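Subject: Structure handover

Hello,

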Amino acid sequence: MGNFFTSLFSGSSESPEESKAKEDKKNFDIFKYDGVRAQKIGQVTYAIKCFLEALKIQSDFETMGYLAVAYTSVNQLEEASQVYDQMVEAEPDHLSTWITRANLAYMMERYESVIEGTTYVIEKDNTLANAFYLRGKAYQGLSDLLNALADLTRTIALKDDYTEAYLSRAEVLLGMRQADEALTDVEKALELSPEEEALYLLRGQIHESQDNLDAAHEDYQYVLDLNPFNEDAYVMKGKLLIKQGKPAEAADLFTDAIELKPDFAKAFAERGRAYTLLGKSKEALDDLKQAIELDPQGEEAKKIEGQHTNFDDMYKGGIF
């Protein structure tokens with residue numbers, strides 16, 4: 001009887017374990033939701049710290065998801081990948097996590113991992129268009145064009161308004177030298193997304209492959225009219241001008257690009273090629289050096305890696 005009255009009037013009979021569990025739950029919620037608020041206002045580093053502290057207290061699937069997104073947003077892809085590994089292990093039937101994990105693996109160019117993850121999803125549910133799309137993109141990354149074509153075709157069969165799938169399938173078809181079929185896909189994609197710059201660039205490439213150079217020129221110029229800062233459009237249009245025997249116009253185009261974007265390494269490299277055709281070897285050499293300085297890991301730098309000669313000889317020898 002004495003114990004009964006003691007409990008009744010003391011207000012609590014919690015054990016130490018129960019008190020600790022309650023305190024842990026309180027602290028977990030504080031860290032988790034402070035992290036969520038910080039993430040929403042762009043304080044990602046602080047959000048990551050909060051999520052990590054929360055997960056030290058309690059393993060929570062939702063918090064792991066927040067943490068993975070936060071890591072991805074600050075380009076800590078390896079850390080994000082490790083979190084997604086834990087998530088699929090914790091809830092293997094949560095297919096959307098597998099797809100998100102595969103998308104991250106694609107960003108990291110881990111194409112085999114993408115194929116493994118999306119195949120798992122497809123075996124569980126073969127109606128998910130984005131799983132087929134990601135697997136098709138991974139096959140494309142591995143230059144396995146037949147499997148890429150099959151998966152992208154299945155994607156479109158499941159979702160016939162999937163612009164990205166039409167774009168990717170057109171790239172694959174162009175790689176297989178099926179330009180007419182590629183053009184059909186691009187035209188369909190343009191019906192769905194008429195302002196998508198990448199589609200006009202790809203259509204320009206298709207026109208080039210068909211020797212329809214004027215149409216290609218129009219597509220590249222259209223992209224530049226839409227977006228004067230589109231680097232790919234400058235490079236493609238400039239190369240086309242050189243192909244048309246207009247190196248002076250190409251050089252002027254790349255000069256315009258460099259004025260807009262002074263750190264545009266590829267524009268310096270391409271202007272250097274145009275200058276070479278114009279017989280301006282000093283200007284060409286200066287541009288090549290500038291391109292390599294701006295992008296030491298780029299295409300031009302790789303071409304001279306391990307070579308024991310001077311830049312001028314390389315230009316004259318046609319290496320660049």
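The notes below go from the whole chain to single residues.

Please keep in mind that this is a predicted model. The average pLDDT of the protein chain is 91, and 90% of the residues reach at least 70. One stretch to treat separately is residues 4-9, where the pLDDT is below 50. Beyond near neighbours in sequence, that stretch has 1 contact in the model.

Overall build

The protein chain has 19 helices and 0 strands. Its radius of gyration is 28 Å, whereas the globule rule gives 20 Å for 320 residues; the value is well over the rule, so the chain is more spread out than a compact globule. The C-alpha trace spans about 105 × 45 × 40 Å along its principal axes.

As for burial, 41% of the 320 residues count as buried. The accessible surface amounts to about 17600 Å², and carbon and sulfur atoms account for 49% of that surface. If we take the contacts between residues at least 6 apart in sequence, 46% of them join residues at least 24 apart.

Leu77 belongs to helix H5, which covers residues 77-90. Is Leu77 buried or exposed? Its relative accessibility is 14%, and a residue under 20% is classed as buried, so Leu77 counts as buried. Leaving aside neighbours within four places in sequence, Leu77 has contacts with Thr72, Leu104, Met107 and Met108. Ala105 is 28 residues away from Leu77 along the chain, and the C-alpha atoms of the two are separated by 8.8 Å.

Ala274 sits in helix H16, residues 265-277. With a relative accessibility of 0%, Ala274 is also buried. Which residues does Ala274 contact, leaving aside neighbours within four places in sequence? They are Ile242, Pro247, Ala250 and Ala251. A separation of another kind is the one from Ala274 to Val121: these residues are 153 apart in sequence, and their C-alpha atoms are 49 Å apart in space.

Two partly exposed glutamines in loops

Gln210 is in the loop that links helix H12 (197-209) to helix H13 (213-226). Its relative accessibility is 29%, which makes Gln210 partly exposed. Outside four places in sequence, Gln210 is in contact with Ala179, Asp180 and Leu183.

Gln244 is placed in the loop between helix H14 (231-243) and helix H15 (247-260). This residue counts as partly exposed at 24% relative accessibility. If residues up to four places away in sequence are not counted, Gln244 touches Leu213 and Asp214. Gln244 and Asp214 are 30 residues apart along the chain, and 9.8 Å separates their C-alpha atoms.

Two loop residues with positive phi

Where is Glu109 found? Glu109 is in the loop between helix H6 (95-107) and helix H7 (111-124). Glu109 is not a glycine, yet its phi is positive, at about 60°. The relative accessibility of Glu109 is 59%, so this residue counts as exposed.

Arg177 is in the loop between helix H10 (163-175) and helix H11 (179-192). The phi of Arg177 is positive as well, at about 65°, although Arg177 is not a glycine. With a relative accessible area of 79%, Arg177 is exposed.

For a first look, you could start with Leu77 in helix H5, go on to the loop that holds Gln210, and end with Ala274 in helix H16.

Regards

Methods. Residues numbered from 1 in each chain as written. Predicted model: local features only at pLDDT ≥ 70, side-chain atom pairs only at ≥ 80, totals over all residues. Heavy atoms only, no water. Helix = DSSP H or I, 4+ residues; strand = E, 2+ residues; numbered from the N terminus. Rg over C-alpha atoms; globule rule 2.2 N^0.38 Å. Buried < 20%, exposed > 50% of the residue type's maximum accessible area, 1.4 Å probe, protein only. Contact = heavy atoms within 4.5 Å. Areas by Shrake-Rupley, 256 points an atom, 1.4 Å probe, with all protein chains shown as cover. pLDDT = per-residue confidence, 0-100.
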